[in-house]
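Thanks for sending this one over. Here are a few notes to read alongside the coordinates, in the order I went through them.

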Amino acid sequence: MRRREMLALSLASILAAIAGPVAAATALTLHKDPTCGCCAGHADYLRAEGFAVTVIETTDLESLKRQHGVPPALAGCHTILAEGYVIEGHVPAGPIRRLLAERPDIVGISLAGMPPGSPGMGGEKTEPFVIHQIERSPGTETPAIFAVE
């Protein structure tokens, strides 16, 4: 082995030891309408945040939302499934990471509608994003707030 190759191999070994094992990216499955561009933008944003995103196009999102317990008032333009949770709409990466780390006893979280400036959406953010919990037994009260971004 030449000296440069030895040095490169040594450096690679040292960097690997310092960095430790590389964690696998969290897998998200994003279900969206085939014509929705902002949903694809949210998938790109999540990939840039380190998630492994698989996109599935469907023309029947309403059935998927019903099947996974998303109330109409908390519906977004796409539905993400991850580790047994539902992530509805353009939720930023921070609350998704928190959901998957804390693992609360809820169906999931939602940023309802299509707020301007949210990840994947165009425009400027005009107010804080309120991310609600999707409860297992929804009541008539206002859904609990999971995070404000």
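1. The buried residues of H2 pack against S1, strand S2 (52–57), S3, S4 and H4. Please keep in mind throughout that this is a predicted model.

2. Which residues of H2 are buried? They are Cys38, Cys39, His42, Ala43 and Leu46. Viewed down the axis of H2, these buried residues stay within an arc of 150°, so they line one face of the helix. On the other side of H2 you will find Gly37 and Ala48, which are exposed.

3. With 12 residues at 1.5 Å a residue, H2 should span 16 Å, and its end C-alpha atoms lie 17 Å apart, which agrees. After H2 comes glycine 50, with a positive phi near 100°.

4. The largest nonpolar core has 26 residues, and Leu28, Ile87, Ile109 and Ile131 touch the most other members. Helix H2 (37–48) and helix H4 (93–102) each give two or more residues to this core, as do strands S1 (27–32), S3 (79–82), S4 (85–89), S5 (108–111) and S7 (145–148). A second, separate core has five residues, among them Leu74, Val86, Val107 and Ile134.

5. Glutamate 83 is not a glycine, yet its phi is positive, about 50°. Where is glutamate 83 found? It sits in the loop between S3 and S4. Glutamate 83 has a relative accessible area of 44%, so it counts as partly exposed, the class between 20% and 50%.

6. Arginine 103 is the other case: a residue other than glycine with a positive phi, near 55°. Its place is in the loop between H4 and S5. Is arginine 103 buried, exposed or partly exposed? At 41% relative accessibility, arginine 103 is partly exposed.

Technical notes. Residues numbered from 1 in each chain as written. Predicted model: local features only at pLDDT ≥ 70, side-chain atom pairs only at ≥ 80, totals over all residues. Heavy atoms only, no water. Core = buried A, V, L, I, M, F, W, Y, C linked by side-chain atoms within 4.5 Å. Buried < 20%, exposed > 50% of the residue type's maximum accessible area, 1.4 Å probe, protein only. Helix = DSSP H or I, 4+ residues; strand = E, 2+ residues; numbered from the N terminus. Expected span 1.5 Å × (residues − 1). Arc of directions from axis to C-beta. Contact = heavy atoms within 4.5 Å.
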